[in-house]
Amino acid sequence: MKKRRRGPVETPGLDVLGPLQEIIRQVRTGDLTVAHLQSFTTHRNPFARAETTKPPLEVAHPLTIADAVSILGERKVLTVAQAAKAQGREAPEDTPIRWGEEVLREHAEANRRGGTDWRLAYVFGTSLRESCEKFGTDRNRQPCFYDGSTWWFKSAEDRWAKFRPEGRYYLVDLIGRFGLTDWSQQEEEITKLGPRFRRCHEAVVTEAAFSIFKTTGERMLETWWHWGQSLDSLGGRVGVGGFGPGGWFVGGSRPVWDWSGRLRACLEEVPSES
């Protein structure tokens, strides 16, 4: 029987045998310390092959607005440039999309199945008061606010009416959920969805709806209202919407049972950095 030839055997050199022998000696004498071991292990392993070194992992590139349009569709994305034109403002340069491709594809698929209207929209963070001052109440100049509602311009409502949300891209479902219930029950249903989701602020929904209308002519929340986060001075939850030709309505409703089914909740996907 022929003997199989073995390849060359790699043996440790003197640069390794010396330290090994010293470690063995110190183990036997009880003199080995952690510092001694660390001084040995920090040296390069002479048996390691160069080709086994793994290259660094590639970092996934952040989503671009072109990626978002490709995934969600053009009418489901309000770009920073479109929002700037709609709001009459300068577009900021640094506007990252704070979700990954998987999240956007999940919502795109939900939109295709029906029952959701997830949109990526840039919002500057305009307060409700500022939006009303910008767009006015003239029904002949759309979009506008409803001219029969001025109660929320009183100083008692300053805390929420002047609130400015963060300026950034928002991922918002503009099909209201959880009608025919009360505000607290809506909160319970949102909580069941997990920490990824929360009730969107009414100022965000308002600005997004106005920018979308200015860009595409589409009326969001035309026959129902988004029941928002804020409390008015009388303890009611602020609601916005009813965006018919008469204008965008701002109201306050006690957080009790909604028999009409028109007080609903728009959800937003919490940004990944939050």
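Does Phe243 count as buried or exposed?

Mentor: Buried: Phe243 has 0% relative accessibility, so it falls in that class. Buried here means under 20% relative accessible area, exposed means over 50%, and partly exposed is in between, with a 1.4 Å probe and protein chains only. Before we go on, keep in mind that this is a predicted model, where local features need pLDDT of at least 70 and side-chain atom pairs count only at pLDDT 80 or more, while totals for chains, interfaces and linings use all residues. Residues are numbered from 1 along each chain as its sequence is written, and side-chain values use heavy atoms, with hydrogens and water left out.

The structure holds 14 aromatic pairs; rings of Phe, Tyr and Trp (its six-membered ring) pair if their centres lie within 6.5 Å, and planes under 30 degrees apart count as stacked, over 60 as edge-to-face and the rest as tilted. Phe210 and Phe243 make a stacked pair, because their ring centres are 5.4 Å apart and their planes are at 15°. Phe210 sits in helix α9 and Phe243 in strand β6, so this pair ties together parts that are 33 residues apart in sequence. Helices (H or I, at least four residues) and strands (E, at least two) are DSSP runs, numbered from the N terminus. Phe210 is buried too, at 1% relative accessibility.

There's a charge to look at as well: Arg219 lies over the face of Phe243, 4.8 Å from the ring centre. For that, NZ of Lys or CZ of Arg has to be within 6 Å of the ring centre and within 35 degrees of the ring normal.

Zoom out a bit, and ring pairs link Phe210 and Phe243 into a cluster with Phe135, Phe145, Trp152, Phe153, Phe213 and Trp248. Phe135 takes us to helix α6 (residues 128-135), whose buried residues are Leu128, Arg129, Ser131, Cys132 and Phe135. Down the axis of α6 they fall within an arc of 160° (taken from the directions from the helix axis to the C-beta atoms), so they line one face of the helix. The cover over them includes α9 (202-216) and β6 (237-244), along with α4 (80-87) and α7 (158-161).

At 3% relative accessibility, Ser131 counts as buried. Gly136 follows α6, and its phi is positive, near 75°.

Conventions. Contact = heavy atoms within 4.5 Å.
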